[in-house]
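Subject: Structure handover

Hello,

Here is the structure I promised to pass on. Please load it before reading the notes below.

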Amino acid sequence: MHPMLTTAIKAARRAASIINRASLDLDALSVQSKQHNDFVSEVDRAAEATIIETLLDAYPQHAILAEESGHTGQSEYQWIIDPLDGTTNFLHGFPQYAVSIALAHNGQLDQAVVYDPTRNELFVASRGKGAYLNDRRIRVSKRARLAEALVGTGFPFRDFSHLDPYMAMLRDMLQKTAGVRRPGSAALDLAAVAAGRLDGFWEIGLSKWDIAAGCLLIQESGGLVGDFEGNDSYIDTGNIVAGNPKVFAQILHALTPHLTPALRS
Ligand code: IPD
Ligand code: CA
Ligand code: CA
């Protein structure tokens, strides 16, 4: 295993032990609101601090982009960190949240870890080496028809500027697929596509730390990731479609009629 991936796993497990401990007494947590429907708890901050400390201990020269503390350092290596993806679920005791850590080298994703502490599921990938769930190789599903596909999504919940096109997309997808799910952690949704548990996924306006690790997991398990026109702008805009190659193409096709200029690449 690549030493940088080993370090990322160590960091994710340390963060997860903070998260697990805090999950035993949610009422004791102090929670602040960053904006409407956007909460941060002391757990997000403590988990992030532990991850950064672990990574910089091993690689002091590397740069960081982390949800709660932003950008630090300048390097060809950048760690992209969401210490707790699915904070709203976590704060409600709804067991669907994860730690997400990716490493980009000169802008290209090289290493990925998504760790689900509620199920002890560790998803990892290194570029060119495949994706694994708890040491077993994972692949995207083989389902070929959108009509048979189970598709994940995320509802708009703090920024409602794309609510109308989103609702039109959802309306269409409800009718064209076997089912739509909104689990509430984009990192885990993407890991589920990589593992073939979901056949596809789409969401508007995610952040880099929500998707970086999940995107490499999908690419290394034979899936495709793109923006709403199938291009590469998703990593910056967070407008993302993912899936096995067949379902990916059909989701793009289904969403096309609902694209506003702002949702094009
Ligand atoms: C959120 C989750 C959610 C997605 C949101 C994200 P957070 O991350 O990934 O599934 O719909 O857009 O912001 O805030 O819990 O880290
Ligand atoms: Ca997130
Ligand atoms: Ca988060």
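What follows covers the metal site first, then the nonpolar cores.

Keep in mind that this is a predicted model.

Metal site

Three aspartates coordinate the calcium ion (ligand 2): Asp82, Asp85 and Asp210, each through OD. The distances run from 2.1 to 2.2 Å. Along the chain, the donors follow the spacing D-x2-D-x124-D.

The site ties distant parts of the chain together. Aspartate 82 sits in strand E5 (residues 77-85), and aspartate 210 in helix H6 (residues 208-219). They are 128 residues apart.

Are these two aspartates buried or exposed? Aspartate 82 has a relative accessible area of 1%, so it counts as buried. Aspartate 210 has 7%, and is buried too. The cut-off for buried is under 20%.

Nonpolar cores

The largest nonpolar core has 37 residues. Ile80, Leu109, Val114, Phe123, Leu217 and Ile240 touch the most other members. Elements giving two or more residues to this core include strand E7 (108-116), strand E8 (121-126), helix H5 (186-194) and H6. Domain 1 (3-137) and domain 2 (146-263) each supply at least three residues.

Leucine 217 is worth a look. Leaving out residues up to four places away in sequence, its contacts include Val114, Phe123, Ala191 and Ala194.

A second, separate core has 32 residues, among them Leu5, Ile51, Phe90 and Tyr97.

Best wishes

Notes. Residues numbered from 1 in each chain as written. Chains lettered and ligands numbered in written order. Predicted model: local features only at pLDDT ≥ 70, side-chain atom pairs only at ≥ 80, totals over all residues. Heavy atoms only, no water. Donors = N, O, S within 2.8 Å, 3.2 Å for Na, K, Ca; no water. Helix = DSSP H or I, 4+ residues; strand = E, 2+ residues; numbered from the N terminus. Buried < 20%, exposed > 50% of the residue type's maximum accessible area, 1.4 Å probe, protein only. Core = buried A, V, L, I, M, F, W, Y, C linked by side-chain atoms within 4.5 Å. Domains from an automatic or database assignment. Contact = heavy atoms within 4.5 Å.
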